Amino acid sequence: MALLRGMWGALRALGRSRAEMCADCGGRLPSPFSLFCIPKCFSSNLGNYPKKPMSSYLRFSTEQLPRFKAKHPDAKLSELVRKIAAMWRELPDEEKKAYEADFKADWKAYKEAMDKFKEQLTPSQLVSFEKEVRQKRLKKKALIKRRELILLGKPKRPRSAYNIYVSECFQEAKDESAQGKLRTVNQAWKNLSSDEKQAYIQLAKDDRIRYDNEMKSWEEQMAEVGRSDLIRRSVKRSGDITEN
């Protein structure tokens, strides 16, 4: 399996073999995609509990992205994602089924590993563990979502006139601290005339048009690869491109 070989190849490049990864706790790695160990005793270190495997398309995208980057070093991430999405759409059903089978196998391994992990805990430890997991997942949910959207090439949100001005003038501000620079730039923005601000307002409008066009194209791609959950609700209802 190409993806499996690629994952272990990356681990070897980092100098971490399968045996070395488990040397501290004597556990095992039931799945190369989840990369977790099953500790012999309960630990509050949440890095030791089983992690859910990636979806079929995300696996495919993760596998292909380095290859496309090597072939197109100057291409934007959004362009690479479009190429990968097109490749996924044209992938024969038999090859897609192989990715789906890998996901199902790893999901089964994940469930078994999680059951085994919980069996080692006392009732009070289990309550504490589940509470910690919920808190950990809530904190990381937004970060994980952002990383996934970056991988999938979601367009950057449009900037406001003020944000464009700040990005343009921040480095030139004479204050040494970041807070001082921001105060200086903020005051300079307030001192701009209406005509001077209008130039930045127009840039913001142009950026909004760019964003709307890119989002329309991106959401069409997400629908084609089965990620309709990433399409804005307002778009699903009426085809409108207004954000919620």
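I count a contact when heavy atoms lie within 4.5 Å. This is a predicted model, so I keep in mind that local features need pLDDT of at least 70 and side-chain atom pairs count only at pLDDT 80 or more, while totals for chains, interfaces and linings use all residues. Residues are numbered from 1 along each chain as its sequence is written, and side-chain values use heavy atoms, with hydrogens and water left out.

Entry one, confidence. I looked up pLDDT, the predictor's confidence in each residue, from 0 to 100. The chain mean is 77, and 76% of residues reach 70 or more. Over residues 1-46 pLDDT stays under 50, and there the model has 73 contacts beyond four places in sequence. Helices here are DSSP runs of H or I, at least four residues, numbered from the N terminus.

A nonpolar core joins buried (under 20% relative accessible area, 1.4 Å probe, protein chains only) Ala, Val, Leu, Ile, Met, Phe, Trp, Tyr and Cys residues through side-chain atoms within 4.5 Å. The largest has 20 residues, and Tyr57, Trp88 and Trp218 have the most contacts inside it. H3 (56-71), H4 (77-90), H6 (123-151) and H9 (194-224) each supply at least two of its residues. H3 gives the largest share, 5 residues.

I noted Ala161, Ile164, Tyr165, Val166 and Cys169 as buried. The buried residues of H7 pack against H8 (178-191) and H9.

Definitions and conventions
Buried means under 20% relative accessible area, exposed over 50%, partly exposed in between (1.4 Å probe, protein chains only).
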